Amino acid sequence: MILACHGISKAFGEDVIVKNGSFHIEDHEKAALVGVNGAGKSTIFKMIVGELPTDGGNIIVTRGKTLGYLAQHQDMNSHNTIYEEIKTAKAHIIEMEQRLREMELEMNELSGEALKSCMDTYHRLMAAFERENGYACESEIIGVLKGLGFGEEDFIRSIDTLSGGQKTRVSLGKLLLTKPDILLLDEPTNHLDLNSITWLENYLLNYTGAVLIVSHDRYFLNRIVSKVIEIENGELMTYMGNYSDFSYKKKQLREARLKEYFNQQQEIKHHEAVIEKLRSFNREKSIKRAESREKMLNKIERVEKPMEVDTDIHLELTPSCVSGNDVLTVEHLSKSFPPQTLFKNVNFEVKRGERVAVIGDNGTGKTTLLKILNNVLNADNGSFTLGTNVQIGYYDQEHHVLHMDKSIFDEISDDYPSLTNTEIRNMLAAFLFTGDDVFKRISDLSGGERGRVSLAKLMLSEANFLILDEPTNHLDITSKEILERALCDYTGTVLYVSHDRYFINQTATRILDLVNHTFVNYIGNYDYYLEKKEELTKAYSETPVTTASGSISSNTASEGKLSWQEQKEAQAKERKRQNDLKKTEERITALEERDGEIDALMTQEEIFTNSVKCQELAIEKSQIAEELEKLYELWEELEI
């Protein structure tokens with residue numbers, strides 16, 4: 001066990017965050033802390049790291065173990081470049097390497113006991129350097145930066161010029177490179193694109209320490225964790241398994257408790273009816289028997305009714321009219337922001353009833369496409385056509401049409417006067433506005449809260465073509481599930497941009513992947529996309545040009561089929577990769593063996609007393625280290 005929380009309690013005034021809650025994390029365990037927005041997940045993290053005191057209980061971290069924490073928001077002020085800043089995470093290794101180089105020079109000037117003492121120190125420091133994987137330090141830093149979505153051109157950007165999300169990515173990179181014994185990650189995927197999230201998943205799956213994650217990304221949690229700790233109404237409950245296991249077990253537990261509650265209520269009503277009947281007889285014996293039964297009834301330990309869950313809320317999205325079968329036709333569309341080309345000459349169609357997810361790396365032009373379709377931006381070339389009776393409902397997080405002087409409730413009721421108070425409250429509850437929250441002024445809301453109000457209004461708009469830009473941002477898991485069911489039951493058409501793979505998997509009937517300035521079409525959900533994308537990756541060693549319909553195209557190929565010549569070239573390229581990989585591995589093995597031989601030689605008296613021989617071996621060892629670093633990088637490229 002590396003972390004234990006025993007009987008912890010925390011409240012802010014009358015708002016109880018957690019009461020007498022307990023959980024523990026084992027060495028190397030990957031666990032999630034889940035709960036609705038505002039349940040207290042981040043507060044628990046802050047108590048664990050000591051940023052907030054507990055009101056009661058104990059938080060114990062095993063002696064000698066290190067703890068690393070990534071908060072949701074980073075206040076990073078630095079004049080360093082991204083590369084310089086993230087390199088500080090390896091400062092101790094860089095200092096060790098510098099000291100080793102200095103000692104190698106010093107040994108030229110020493111002899112006798114002084115040389116022997118220096119060599120002993122050198123060997124100890126070298127052993128520590130190798131334990132820390134010092135020779136791979138540089139490639140490890142670059143690998144983390146690229147994995148988190150920074151290109152080499154970004155390495156020289158100053159931290160002062162970065163957005164909040166970019167600073168969070170830099171902080172995450174530094175944290176991963178320090179390799180603490182337990183990682184506390186609060187929404188680590190918030191500012192990552194799909195490729196970076198996949199990279200982080202693989203990194204954490206292979207991470208040797210323990211990890212505790214707060215995240216609303218269910219796909220991410222399903223891949224990473226083997227334990228889920230839920231905080232609900234101030235209580236902590238632990239479930240073994242991933243998020244899907246937790247969701248299933250929780251549903252079963254709630255149904256069992258609900259059944260127990262209703263059975264007891266039925267029993268109580270029966271006793272009360274008997275008591276009332278006995279009293280109605282108005283006889284001494286009957287009254288005494290009624291009193292006796294009443295005492296027995298009062299001693300019954302009442303089962304509390306399980307809390308009503310927001311998943312009981314069902315949104316109904318009803319288009320005002322049915323559109324034609326051809327909802328959207330895009331022809332030869334192009335857009336650039338020189339010198340960057342986003343997409344060019346793309347063609348695709350959206351048919352009635354489809355739910356199309358647009359995915360791709362950050363900055364490739366997904367949001368720009370939606371803005372063009374809603375006439376917020378103009379295309380450089382090409383055109384798009386809307387079908388018969390198509391009525392668009394557009395959700396853009398940057399262009400909320402809200403009245404700042406109104407309350408949330410009035411914002412909905414004024415636009416939709418036919419709705420009852422209950423219907424309005426149900427809609428707002430689905431988007432996390434409950435109780436007196438519905439009377440908050442729009443002007444007092446955060447950007448995320450205003451986005452949720454805009455999304456709620458859109459769900460009521462009766463449009464038959466919804467265009468949504470990151471609709472699940474700022475929603476907790478329960479609200480995402482409500483929205484998923486609503487969109488799956490929706491009889492209209494949906495085109496949306498999202499990084500939420502679980503949401504895509506649940507709702508999409510088709511995926512458009514924006515890659516290499518065009519769209520590749522996958523008819524299916526996210527799992528289908530992964531399956532087919534992997535097949536393409538295995539078949540072709542480099543990404544071919546793709547058409548908007550998703551077929552692989554060339555001057556001589558058609559309908560997704562490679563020509564015989566192209567197949568031969570692909571096979572030859574794969575054989576060369578395998579051959580280069582084998583040679584690289586053999587060379588690495590040879591160098592590592594020679595490195596071990598040098599270490600053994602330096603422990604022999606006839607060697608470490610010979611300063612000339614020591615210097616020769618030290619130089620050879622340094623050359624081996626440099627060559628190995630290049631070979632490790634080459635191996636990583638060839639292994640992909």
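Reader: In what order do the 3 strands of the open sheet stand, and is the pairing parallel or antiparallel?

Author: The order is β2-β1-β4, and the pairing is antiparallel. Strands are DSSP runs of E, at least two residues, and helices are runs of H or I, at least four, numbered from the N terminus. Two strands pair if DSSP finds at least two bridges between them. This is a predicted model: local features need pLDDT of at least 70, side-chain atom pairs count only at pLDDT 80 or more, and totals for chains, interfaces and linings use all residues. Residues are numbered from 1 along each chain as its sequence is written, and side-chain values use heavy atoms, without hydrogens and water.

Reader: Which strands stand at the edges?

Author: β2 (15-25) and β4 (56-61). Each has a single partner strand, so one side of each lacks a neighbour in the sheet.

Reader: How many bridges join β1 to β4?

Author: 5 bridges join β1 (residues 3-12) to β4. In one of them, S9 has G56 in β4 as its partner.

Reader: Which strands does helix α1 touch?

Author: α1 (residues 41-49) touches β1, β2 and β4. Contact means heavy atoms within 4.5 Å.

Reader: Switching topic. At what angle do α12 and α13 pack?

Author: About 125°, with axes 10 Å apart. Axes are lines fitted to C-alpha atoms, for helices over the stretch in contact, and angles run from 0 to 180 degrees between N-to-C directions.

Reader: Which residues meet there?

Author: I408, F409, I412 and S413 in α12 meet N421, I424, R425 and L428 in α13.
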